[in-house]
Amino acid sequence: MAKDRSPGFKLGMTVLIGALLAIPLFMVYALVWDRQTQSETARASVAEGWGGPQMLAGPVMVVPYRQQSVETVTENGRATTRAVTIERELFLAPVKNDAAVDVSPERRVKSIYETVVYEARIKGAARFALPDDLARFGVRPEELLFDRAEIRIGISDARGLLADNSISIGGTALPLRPGKGLGATNGSGFFAFADWSATAGAPLDVGYRFGVRGNGQLTLIPDAEATTWTVTSAWPHPSFAGQFLPNSRSVTEAGFTARYAISNLALGRAIVQLPQPGEAAPGQGAQAAQIDLIEPVNLYSQVDRAVKYGFLFIGFTFLAFLMFDIIAGARVAAAEYLLTGAGLILFFVLLLAFAEIIGFTLAYLAASAAIIGLISTYSAAVLGSAKRAGFIGGLLLGLYALLYVLLNLEAYSLIIGSLLLFVALAAVMYVTRKVDWSGLGKRDEPVELTA
């Protein structure tokens, strides 16, 4: 019938088929998400037993103190006042804390999945001293039990703690004990008893070193009045995050070096903390500096972004077929649109499958070459001309090249895509300016489509 062959009807059919292809395209999107979830599960299993993302805090000196308090109780209906002795803990951060952190990365592979783990070695020196205005905090020096002082270091995942760790005073190593970490690490870590009674709270220099294994990220919690960290690693792709960024950093192909200098004025808290019964342990919710050992290219995020451009490929290819149909008389059937759309969607499945094995760039080249060859060959039969098929192949080649550029120039992808759509729309409007959409195809003057 004439209606079935009108350009308007063919346009509507093309749009409907394109809309139906949203279903398999969404299924591919879900497949990417599923494979990414499996990848994260595999990476977690690789890191299991090694150590999770590590958070390090301390050292902090904890000194018990006793105070007399008066309380009123009711006994036999009468109010009685009595003196009681209560014992609490004073948390004292260092006056200064200087540490060098060496992070040694290592790639671990399970099946086709890879993750980055690390060993971090920390060596530092801290100085502790009671503030001159300690009484302003409600504690007198004579109330402190210096002989029961403890030095605590927090580690969020103590499973990753390595051997050869120490806390020393004056070059003498102190016996280490597990547990009693800090609030920032939910009590996980280790500590040592440090008898401070000999100097009755005079400045005390403490040396420490320890090593931890972890994966993904390393978080450092500053406590001191003046904290200085120097972090070095052979990993060339760090990401600096958290509430504190490095004061200076150098990133090369051989690795990175980052230096942090943080004052307790930036932390917004004093070096003396006196938690009351029922209060959260000091350090919970503390501000931190975070370093992520990231992969330079996350193939799943790349494929995910590529899938979002799927309608761009379908739309441009269908538009070319439609122009050959309504202007050049190629007579493209609905089934041929469907098969072509299926080939375009298959590209993203091939891209995902190959990328997990050979990497994103090689996978992109292999998948795009396969689909361009497939659809170009099919177009020769559908459009009845090798020249027209060459036009379709060139169109797809340009689209795949453009998509690769868009995926690598994320900041400019929107403006490039917008300009491309503008040019495409202008070209279609020009080519179809004399098409009679409600009639059999053409108006008075024929319109030639070069192919």
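This is a predicted model: local features need pLDDT of at least 70, side-chain atom pairs count only at pLDDT 80 or more; totals for chains, interfaces and linings use all residues.
**Rings, strands and a threonine**

Residues are numbered from 1 along each chain as its sequence is written, and side-chain values use heavy atoms, with hydrogens and water left out.

Now to the rings. Searching the whole structure turns up 17 aromatic pairs. One of them is formed by Trp229 and Tyr260, and it is edge-to-face because the planes stand at 75 degrees, with the ring centres 6.1 Å apart. This pair links distant parts of the chain, since Trp229 is in strand 12 (residues 226-233) and Tyr260 is in strand 15 (residues 255-263), 31 residues apart. Tyr260 counts as buried because its relative accessibility is 0%.

What makes Phe360 and Tyr404 a stacked pair? Their planes are at 15 degrees, so the pair counts as stacked, with centres 6.5 Å apart. Phe360 belongs to helix 7 (residues 360-383) and Tyr404 to helix 8 (residues 386-408), so that this pair, too, links distant parts of the chain, 44 residues apart. Phe360 counts as buried at 8% relative accessibility, whereas Tyr404 is partly exposed at 27%. These two rings are members of a cluster in which ring pairs link Phe313, Phe347, Phe348, Phe360, Tyr364, Tyr400 and Tyr404.

For the terms used here, rings of Phe, Tyr and Trp (its six-membered ring) pair if their centres lie within 6.5 Å; planes under 30 degrees apart are stacked, over 60 edge-to-face, and the rest tilted. Helices (H or I, at least four residues) and strands (E, at least two) are DSSP runs numbered from the N terminus.

Phe313 from the cluster also leads us to Thr317, whose side chain reaches the backbone oxygen of Phe313 at 2.8 Å. Thr317 lies in helix 5 (residues 310-326) and is buried, with a relative accessible area of 0%. Leaving aside residues up to four places away in sequence, Thr317 touches Thr340, Leu344, Leu395 and Leu396; contact means heavy atoms within 4.5 Å.

Next, look at strand 9 (residues 189-193), which is mostly covered: four of its five residues are buried. Strand 5 (residues 150-155) runs antiparallel to strand 9, and five bridges join them; Ile151 has Ala192 as its bridge partner in strand 9. Strand 8 (residues 177-178) also pairs with strand 9 in the antiparallel sense, over two bridges, and there Arg177 is partnered by Phe191. Two strands pair if DSSP finds at least two bridges between them.

Elsewhere, Arg213 lies over the face of Trp50 at 4.4 Å from the ring centre. Such a charge counts when NZ of Lys or CZ of Arg is within 6 Å of the ring centre and within 35 degrees of the ring normal.

Finally, Thr199 sits in the loop between strand 9 and strand 10 (204-215), where it is partly exposed, with a relative accessible area of 41%. Thr199 and Phe146 are 53 residues apart in sequence and 9.0 Å apart in space, C-alpha to C-alpha.

Note on methods: Buried means under 20% relative accessible area, exposed over 50%, partly exposed in between (1.4 Å probe, protein chains only). A polar contact is a pair of N or O atoms within 3.5 Å; within protein, one must be able to donate a hydrogen and the other to accept it, and residues adjacent in sequence count only if both atoms are side-chain atoms.
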